[in-house]
Amino acid sequence: MQKRHLYILSGLATIFICGAALKAAEVFQSRTVKIPSPAEISKQADSFSPEEISQLEIDDILRDRLRFDPQWQEIAQAIRQDIIIKKWGKDGVANPAWKRYGAKAYPLLSYYARSRDETRQKYGIEGIRSLGKPYTTIWLKGHIKRRLTSPSFYDVAPYISEAQNKDWEKEFGLDDPKVRAELISLAKANLEPRNSPQYYNQFNFDFLSRLLGYDAVYGKAPYQRDKNFAGLSEWLQFEQLPQPSDRQIQAAIATFQKLSTEAQEYILVERLGAIKAGEITPSARSFFRSLANQSISNLTPSAASDRLWAIAELDRHGDILGTELLKNILNNDLSQLHSLSRIVSYENFTQKGDYAYYLLLGIAEKYPQSKFVQACREYGDLTGRSYFNAQPRSQDILTRNENRTDKERLNAWQDWLKKYPDHSGADDANYFLALALQDNNDIMGAMRIWMKIMTQPMGDRDAIYLAFPHVRTLLDVGLSIEQMQTLLQEPETQTLAPLLQYVIAIQYARSQNYARALELTKNLDLNIIPDRILEDYYQPQGRWWQDDNRVVNFKKEAQSLLSEQKLRWQKLQQWQIESTPESRYQIASDWAGIGGWKNGYFPIWDGFRAYHLPSDWNCRQWWVCDESKRSSSEILAKYQGGSQNAIALSLYQQLIEEKSIPSEIREKSLYMIAMTLLAQWENHTFSETQSIHPPAGVTASGKYRQLSVSRGSYSYQDYEQREKSMLTDYQRRIDTIITELQVKFPQSRYTDDLLFSSFFLSDQPRYLQRLVERYPNSDRVNEANFLLELKK
């Protein structure tokens, strides 16, 4: 097995001894030929043009062959020393390799420039810039063709002043109109489509944005575009009519409905809304009366919203028709108010949203005894804040709410919903009802409410986006497979059945039942999830721009991930069937390796699972980590069950606990345990790392266990103590592994790696000293000595 190299804290990298394998037709015709020496390649490179040099690339496969080839030690060591100094040294590199080797270093510099390691990347970019034109232009052209995201455009050309930007363009040859046009055309041809997850992270996108402007690349955002007032003149003519006929009124309505959203808002707010109460014009009264007299049963949502707006406006002006209709709505059919309330909720930063708010507020003040306003008052009493402006209630009400038991709070919300099921705030009330069920530890009841909010119309639907985070969290680290299977059989949840079936399969895969996971997903089609459910999650404020394709992209990407997962599960199942120590090692390593997270990932997190999973500071809201509702062991098991590294560590631990395990498997497994712990510490969030602590094989310190995750607040010292305790636990486990490798496997190829990594984990020079003394031939000795010198 080849050594794996861990990069501590992203920047603290273990540097490969990088030989430069030059690949071009003129240099290598096959990989079996003799590798040329530095002198030979130097002689050849002297005869190359810059364009020919740019075609010479580092071959990743040949790289390892070159690491210890004596013929390449001069260049390899020079480059290696440069990077050691640049990474660890206090001063810069005095005489970098590119000054000594000139253009012959270009292929290696180009290779380093696209490294994700910050030091290597900066080294490569700096070297290319030092070579100047045409190499800067050649590199830029090649980077555009590769469609890479590293380095980003701003790593090469940070945001600078206009004058400095011109200097950058000149440096890379963009001051030449022909070169500029060529590279712009090339970048456009190599731009990922807008539905690509990498669209905004592309080097090419930022390159084009800098040269052409953001709007030229993506187009203006809706709020930047000129308002469309086409057809408004016809409406303005209608406004001038002293006594419009029925035919003219219908024509005006037809004209209004054809206008753009901006033009309609302009008419309702700035034209008709500007008329003082009681001074409505004949044309405006006729227009509103005609809208108000429409039968509600046949109207589209947009037309129903216009009708209610007209009724509210007529009432504002004292029109008897509007007043009678409004009173009936306020006391008998509250659902008609949803469209007006929704505008306030989602568009209050627009003129129409502001105006709608004052219409509702005026209604509440004018009809304080109506059923609608009574419901608003009682809702405000339950939340402790006004329904309309969130102002705190009296201290008596706040104290009463504070003193309510969980059961009393649950009953209060149930009673409110029984009395006002069609109120605009019914969705918000159901949200609080679900929280109350959670507080009463009825998690299945709460889950049913969350799913009901997502799938069934209720209220003005401005709170539906709050439900999905609870659903995804409970599916991921909350409910058991049995509980999810119960939900899957219930008629009310069938619209979400594909989602439930998918996550059940994920849970089986996490628990190593790959056969069951494959069985459940055999014909699973995520595309049958109704778009409206996903739209309410991804676009709770509606679709604000034409190119918002998140719903389509989610289905496409989730289905694609599922296809990849099934292939991974098939491979894991085959190893499981083989049931040998080596195959079991392979299963654990697959979970720990690059892409191992896909084995048990539920794509509804959109790539941000570690950041969205509830942590200790908000567990009162999220049942999944509340120790007053679940045992700490159950919480730990659930969080570990969703972590690729925790799963891998558990599988490795099971393997090394077997007495009959072959020595070579034990050696590799010990090394991989240490590497997985280091990877968890380095690459994952503190929140996630503490939620799975202690992972299998690690013993938690007493100090850590005394910090309960159910506490309401924390100081900085609490977290600092947690971090120190966990770090000590990790280092203690790695030290035991190092000791066992030294005692049982004295010739192990892994111990020097672990000693080197342990230095960065602990900041203790003794690990470097031990590496230098015991492993003098290690490829890490130079760096270790350099770092020891810095510590003196």
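Helices here are DSSP runs of H or I with at least four residues, strands are runs of E with at least two, and both are numbered from the N terminus. With those labels in hand, welcome to a tour of this structure, which is a predicted model.

## The chain as a whole

The protein chain has 792 residues, and 53% of them are buried. Its secondary structure comes to 43 helices and two strands. Among the contacts in the chain with a separation of 6 or more, 68% are between residues 24 or more positions apart.

## Helix α11 and its two partners

Let us begin with helix α11, which covers residues 177–189 and packs with helix α12, residues 203–212. Helix α8, residues 135–146, also packs with α11. The table sets out the two pairs.

| Helix pair | Angle | Axis separation |
|---|---|---|
| α11 and α12 | about 140 degrees | 9 Å |
| α8 and α11 | about 20 degrees | 9 Å |

The crossing of α8 and α11 is left-handed. From α8, the residues in this contact are Thr137, Leu140, Lys141, Ile144 and Lys145, while α11 brings Val179, Glu182, Leu183, Leu186 and Ala187. By type, the contact of α8 with α11 has six nonpolar residues, one polar and three charged.

For the other pair, an angle over 145 degrees would count as roughly antiparallel. The angle between α11 and α12 is about 140 degrees, so these two helices are oblique to each other. Their crossing, too, is left-handed. On the α11 side the contact is made by Arg180, Leu183, Ile184, Ala187 and Lys188, and on the α12 side by Asn204, Phe207, Leu208, Leu211 and Leu212. Seven of the residues in the contact of α11 with α12 are nonpolar, one is polar and two are charged.

## Phe203, a residue of α12

Phe203 lies in helix α12. Is Phe203 buried or exposed? Its relative accessible area is 0%, so Phe203 is buried. Once its neighbours within four places in sequence are left aside, Phe203 is in contact with Leu140, His143, Ile144, Leu148, Pro151, Ser152, Phe153 and Val156. The C-alpha atom of Phe203 is 7.2 Å from that of Arg147, although the two residues are 56 residues apart along the chain.

## A disulfide and some cysteines

A disulfide is a covalent bond between the sulfur atoms of two cysteines. How many does this structure hold? There is one disulfide. Cys619 and Cys625 form it, with their sulfur atoms 1.9 Å apart. The torsion about the S-S bond of Cys619 and Cys625 is about -110 degrees, so this disulfide is left-handed.

Cys619 is buried at 3%, and Cys625 is buried at 4%. Another cysteine, Cys376, also counts as buried, with 4% relative accessibility.

## Backbone features in the loops

Most residues other than glycine have a negative phi, and most peptide bonds are trans. Some exceptions deserve a look.

Where does a cis bond turn up? The peptide bond from Lys133 to Pro134 is cis, with omega near 5 degrees. Pro134 is placed in the loop between α7 (118–131) and α8, the helix that packs with α11. Another cis peptide bond joins His693 and Pro694, and its omega is about 0 degrees. Pro694 is in the loop between α38 (686–691) and α39 (702–705).

Positive phi values are found as well. Asn441 has phi near 65 degrees and is in the loop between α25 (426–439) and α26 (443–455). Arg461 also has phi near 65 degrees, and its place is in the loop between α26 and α27 (467–477). Which of buried, partly exposed or exposed describes Asn441? At 40% relative accessibility, Asn441 counts as partly exposed. Arg461, with a relative accessible area of 16%, is buried.

How values were computed:
Residues numbered from 1 in each chain as written. Predicted model: local features only at pLDDT ≥ 70, side-chain atom pairs only at ≥ 80, totals over all residues. Heavy atoms only, no water. Axes fitted to C-alpha atoms, helices over the stretch in contact; angles between N-to-C directions. Parallel < 35°, antiparallel > 145°, perpendicular 65-115°, else oblique. Left-handed = near helix turned anticlockwise from the far one by under 90°. Contact = heavy atoms within 4.5 Å. Nonpolar A, V, L, I, M, F, W, Y, C, P; charged D, E, K, R; others polar. Disulfide = S-S within 2.5 Å. Buried < 20%, exposed > 50% of the residue type's maximum accessible area, 1.4 Å probe, protein only.
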